[in-house]
Amino acid sequence: MAVKALKGFKDIIPGEVETWQFIEHTAREILHSFGCEEIKVPILEKTKLFKRSIGETTDIVEKEMYTFADRNGSSLTMRPEGTAPVLRAYIENSLHVAKPICKLFTIGPMFRHERPQKGRLRQFHQISVEMLGLDHPRQDAELMAMAALIIQRLGLTVSLEINSLGCPKCRPAFNKALLDFIGTIDDLCDDCLRRRESNPLRVLDCKNETCQEHYKDAPSILDHLCADCDSHFSEVKKGLDLLEVNYVVNSFMVRGLDYYTRTTFELITNDLGSQSAVGAGGRYDGLVKQLGGPAVPGIGFGMGMERLALLLQESGKAPQAKGIDLFIAALGDAAQERCFVICQAMRRQGLQVAMDLQDRSLKNQMKQAGKAKASYTLIMGEDELAQNRVVLRNMETREQQDITFTNDIENWCRELATVIN
RNA sequence: GUGGGUGUAGCUCAGUUGGUUAGAGCACCUGGUUGUGGCCCAGGAGGCCGUGGGUUCGAUCCCCAUCACUCACCCCA
């Protein structure tokens, strides 16, 4: 029995990888246009980094992390999200000194030991963006506008839901009001009973219908924001309006990580089964300091690349593999030998070139050229070889022309390359 | 961690009320065209019918177990 990949770990094979390249390319372009700079950070970190940032009692930390002992016994964890490692790097390299306002992004794999399902893997990939050093509400609006623009540029449609979770000043009061309210309900579902203890905010997210019926009257976090948070949220909404970004306020939206403050948001689709969020994020004003860095505010988000790729594929908007520039069909050993050299010289000209090395029939080689979606095919058989010429066939128009061959291969190929381009 | 569904060719799937050589489409190879791709036609190759056990004269089919995949819950990008 051959060895197979781990559960929840997937290969991205030729034919699929073009979609991923399209996503990355598009995202990078837009991120750069907003002044975001790419950073590459390790996949392995000390476990305590994630415990401190994500929260000791979150599901991610409690039961989903790939955590194991290193050979020297220290506890390591494969990153379950991108924010903590990027902030760690930001602090460790004192990036705030040169850039008081620092916009960073990273693209790569994350790991969570969950049961795989549609749009959810154990190794999954995120575009993770962090904007540090500014708590201006327009920064929030700009960040969300940027996320929306990436989606839009990919040709996809999602809706933006926003909320504010308040700050350490106003959240306790809301927590109490919420707990008091929940106390008045006597038929909570089992999940909500559990959530009441672990993270009361989450009950609002329950999918149970009878629970949702109760929560219609639940106190809203938005009614309990302190003056500062309230005005911040208003300014965020105004910023989105100014940039003409559509959104809906969803006061029930809660995030799974403990570090969020004030603005949170999700990019939602209905086309992915139960995994409706293709991107999500929020503000985390206390996090950098909590991780031992300067007291700078921050806001960020993660986008799930698997989910973007699925949406592109299912909507037929995934890019196709593009064809090569030239296929070389040579017949007979002498022509094969000459073409072997031409092939390499054409590649030096920067073209994508393929040739058959198995001396197959012309018919077969033409078939290969067709399959490779070659723009042109260069044909050299015994006749052409003897007469010092080649046949160049335009595969789309089927027009063929004779081209005289000269022994100055480098120059000859340069000429040929201009014909092809 | 919990529940449902599905395992037959590289892929997507038929099928056998339990019976001798298990099928199709796509993809692949060869030929029809002694040197010209896509369309068409013909042929070919490719299967321990997920694995182990049970029932039976006989199991790909029925039963049990197991593994894998998948969808959903939980949670989350």
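1. Helices and strands here are DSSP runs numbered from the N terminus, helices being H or I of at least four residues and strands E of at least two. The surface near RNA strand B receives at least two residues from each of S6, helix H8 (190-198), S10, S11, H12, helix H14 (362-371), helix H15 (382-386) and strand S15 (389-394). The largest share of that surface, seven residues, is supplied by H14.

2. This is a predicted model, in which local features need pLDDT of at least 70 and side-chain atom pairs count only at pLDDT 80 or more, while totals for chains, interfaces and linings use all residues. Residues are numbered from 1 along each chain as its sequence is written, and chains are lettered from A and ligands numbered from 1 in the order in which they are written.

3. RNA strand B is surrounded by 54 residues, and the closest are Gly-256, Gly-273, Gly-304, Gly-370 and Gly-381; a residue is near the strand if its C-beta atom, placed from the backbone, lies within 6 Å of it. By type, the residues of this surface comprise 25 charged, 16 polar and 13 nonpolar, where Ala, Val, Leu, Ile, Met, Phe, Trp, Tyr, Cys and Pro count as nonpolar, Asp, Glu, Lys and Arg as charged, and the others, Gly among them, as polar.

4. Chain A is divided into domain 1 (17-170 + 225-314) and domain 2 (326-420), with bounds that come from an automatic or database domain assignment. Between the C-alpha centres of domain 1 and domain 2 the distance is 50 Å.

5. An open sheet of eight strands, with mixed pairing, runs in the order S1-S5-S6-S11-S10-S9-S7-S8; two strands pair if DSSP finds at least two bridges between them. Strand S1 (37-38) and strand S8 (248-249) each have a single partner strand, so one side of each edge strand is left without a neighbour in the sheet. Within the sheet, strand S9 (residues 261-268) pairs with strand S10 (residues 277-283) in the antiparallel sense over six bridges, and Thr-261 has Arg-283 in S10 as its bridge partner.

6. Helix H12 (residues 305-314) lies across strand S6 (123-132), S10 and strand S11 (298-304), and runs at about 45° to S11. Such angles run from 0 to 180 degrees between N-to-C directions of axes, which are lines fitted to C-alpha atoms, for helices over the stretch in contact; two residues are in contact if their C-beta atoms, placed from the backbone, lie within 7 Å.

7. A further open sheet has three strands in the order S2-S4-S3, with antiparallel pairing. Strand S2 (44-46) and strand S3 (66-69) stand at its edges with a single partner strand each, so one side of each has no neighbour in the sheet. S2 and strand S4 (residues 75-78) pair over three bridges in the antiparallel sense, and Glu-45 stands opposite Thr-77 in S4. H2 packs on this sheet, touching S2, S3 and S4, and its direction makes about 75° with that of S2.
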